[in-house]
Amino acid sequence: MSARQKILIVDDELWAALDMEWVVQKLGHEVVGPATTAEKAIELAERVRPNLVLMDIRLADNSDGVAAAIEIRQRFDIPSLFVSAHGDPIMRSRAEAARPLGFIEKPFSPESLALAIEAAINPDVS
């Protein structure tokens with residue numbers, strides 16, 4: 001088990017955000033957010049400095065999770081794990097600029113999300 005981490009949840013779908021929050025809490029980590037727009041995600045990342053961002057690609061107000069993840073990585077060196085139903089090859093290629101720690105496709109199982117979070121937080125543990 002890793003040390004308690006702050007994890008920012010960025011998703012405009014209430015149920016998906018609640019599912020992610022439940023998994024994060026079950027793993028013993030602290031939930032930051034949720035944020036539903038790119039602007040709010042960047043603002044929270046700057047203020048709270050989470051260890052990891054769970055980032056949807058398409059957000060409220062037609063905002064762009066990929067652009068937010070790139071900015072958060074560039075400005076604060078905080079990595080993202082994309083959790084999205086929009087994982088087509090073109091989107092994934094664009095998202096690589098954020099240097100993500102992975103992609104989880106929606107709908108996700110709690111187990112797959114938990115494994116991805118732990119792998120992102122502890123990349124050296126197999």
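Visitor: Why is Glu71 called partly exposed?

Guide: Its relative accessible area is 29%. Buried means under 20%, exposed over 50%, and partly exposed in between (1.4 Å probe, protein chains only). So Glu71 is partly exposed. This is a predicted model, where local features need pLDDT of at least 70, side-chain atom pairs count only at pLDDT 80 or more, and totals for chains, interfaces and linings use all residues. Residues are numbered from 1 along each chain as its sequence is written, and side-chain values use heavy atoms, without hydrogens and water.

Visitor: Why is Asp56 called buried?

Guide: Asp56 has a relative accessible area of 2%, so Asp56 counts as buried. Lys106, at 14%, is buried too.

Visitor: What makes the contact of Asp11 and Lys106 a salt bridge?

Guide: The term needs a side-chain nitrogen of Lys or Arg within 4 Å of a carboxyl oxygen of Asp or Glu. Here the N to O distance is 2.5 Å. Asp11 lies in the loop between E1 and H1, and Lys106 in the loop between E5 and helix H5 (110-121), so the pair ties together parts 95 residues apart in sequence. Helices (H or I, at least four residues) and strands (E, at least two) are DSSP runs, numbered from the N terminus.

Visitor: What makes Asp56 and Lys106 a salt bridge?

Guide: The N to O distance is 3.2 Å. Asp56 sits in the loop between strand E3 (52-55) and helix H3 (65-76), 50 residues from Lys106.
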